[in-house]
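Subject: Structure handover and notes

Hi,

Here is the structure I promised to pass on to you.

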Amino acid sequence: MHGNRSISRMFGVVVGLGVSALAVQAQGTRAVSVDPETGLAAAVVVEDRALAHTAQLLPVDASGVIAGDTLDAQLDRLVANLSSILGEVGSSLDAIARLNMYVTSDALVGEAAARLKGRLGDGAHPAVTWVVSALADPAALVAADAIAAVADDRAPEAVLRHTSGAIPARNGAAHVAVLPKGRALYISGMAEMDTQDLVVASKGTMDQLHEVLALNGLSAEHVVHLKAFMKPASGVAEAEAVMAAFYPDATAPAMTFVDWLNGIPTEIELIAWIPGAPESADPVEHRWPPEVARSPVYCRYAIVNSPVRIYTQGFTARKTLDAAGQVHDIFAQLKAVLEPLGGDFRHMIKATYYVTADDTSTALNEIRPEYYDPERPPAASKATVAGSGSPDKRLVLDMVATGAAK
């Protein structure tokens, strides 16, 4: 394990917090600080498992039509699709570590959250992030993507991209892709800055991402998941086709699309598998290409050598605060969750920041250096979005991290 504490030792600190603090899920995942009312976790830890990454799934039936015009009907179909697709690659709802939920209005966040637990089942305790986003199909009210542990006897030896027969495929992209055990590459959101054309921007950004792959000795076959922050939502099919064209000889990776309000058409991040044994005992390496200026608040890409992943929920401020207060409160929550698990601000892998106001975005930029080691900031993406579920909560932060070496 290259110096990482075993998961039992990592959780030795947590168990004393009470029954609701820790829940054992399927495929060896561990849910931390489980809310007794919602059943959702502040964080989920996965050790040495292959990880299924689904595409952003819509509540469609077998013909591709949105199933009903009510939130209840769409949640039923969405969870059924998620369960079916995960089951086809050796995972399940109970094994979900991170669940990203996308709804089309602030008002729907609370409604969907209240109704989600009963549909996932008693054994599921995912860390959930809620984001307000327009969706590719204007009839959809809700969508989701998930990261879930895969049973050992179904763990692939190379990246597996799977298209389900339960729902139609889109532009030749996988409904789910499995990241094998071992090392992984997380590339920060990248962007083509010199155009307002979505197609041109998508191609230019994908070129940049694949240059980083090549820098690390990787190629198209190693890519697991692509997440595009983009506008407008009506352009998803165009962007998806451009991205899929980079994988002409195989099923394209799983893809997610988030509607954003930033000034450029798109920013895209990437997750890939790295074959072979680690070259370093460092659980996570934070790197920049030689020609790129180093930032103290994000690295261009993170190489993960540790088999441990810690997925946090989307943290928001716990009370009404000004912009700086919200940022500090969220980082305090993140620290409180990571430290008992052997994690810290020097061993974060990937941060996603969803902001809804300019002052909060500015405060985040100013305050991050107080928490991050400038030599070890996480890979990151920051998107301005329409909402977080509450007008008072203007920042959502979720994190992928690992434990510190020991």
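A quick word on terms before the notes: a residue is called buried under 20% relative accessible area, exposed over 50%, and partly exposed in between, with a 1.4 Å probe and protein chains only. Please keep in mind that this is a predicted model, where local features need pLDDT of at least 70 and side-chain atom pairs count only at pLDDT 80 or more, while totals for chains, interfaces and linings use all residues. Residues are numbered from 1 along each chain as its sequence is written, and side-chain values use heavy atoms, with hydrogens and water left out. Helices (H or I, at least four residues) and strands (E, at least two) are DSSP runs numbered from the N terminus.

Let me begin with some backbone details. Ser33 has a positive phi, near 55°, although it is not a glycine. This residue sits in the loop between strand 2 (30–32) and strand 3 (43–47), and its relative accessibility of 34% is why Ser33 counts as partly exposed. Asp48 also has a phi near 55°, again positive in a residue other than glycine. Asp48 belongs to the loop that runs between strand 3 and strand 4 (51–54), and it is partly exposed at 38% relative accessible area. There is a cis peptide bond too, from Lys231 to Pro232, with omega near -5°; Pro232 is in the loop between strand 11 (223–230) and helix 5 (236–244).

Six strands make an open sheet of mixed pairing, in the order 6-5-7-4-9-8; two strands pair if DSSP finds at least two bridges between them. Its edges are strand 6 (127–132) and strand 8 (160–162), each pairing on one side only. From one strand to the next the twist averages 15°, with axes fitted as lines to C-alpha atoms (for helices, over the stretch in contact) and angles taken from 0 to 180 degrees between N-to-C directions. Helix 2 (residues 71–88) packs on this sheet and touches strands 4, 5, 7, 8 and 9, its direction making about 30° with that of strand 7; contact means heavy atoms within 4.5 Å. Strand 4 and strand 9 are antiparallel over four bridges, and Thr54 has Val176 as its bridge partner in strand 9.

Strand 10 (residues 183–190) is worth a look: eight of its eight residues are buried, so the strand is largely enclosed by the rest of the structure. It pairs in the antiparallel sense with strand 13 (residues 266–274) over six bridges, where Tyr186 stands opposite Ile271. Strand 10 also pairs in the antiparallel sense with strand 15 (residues 301–304), over four bridges, with Ala184 opposite Val304.

Best wishes
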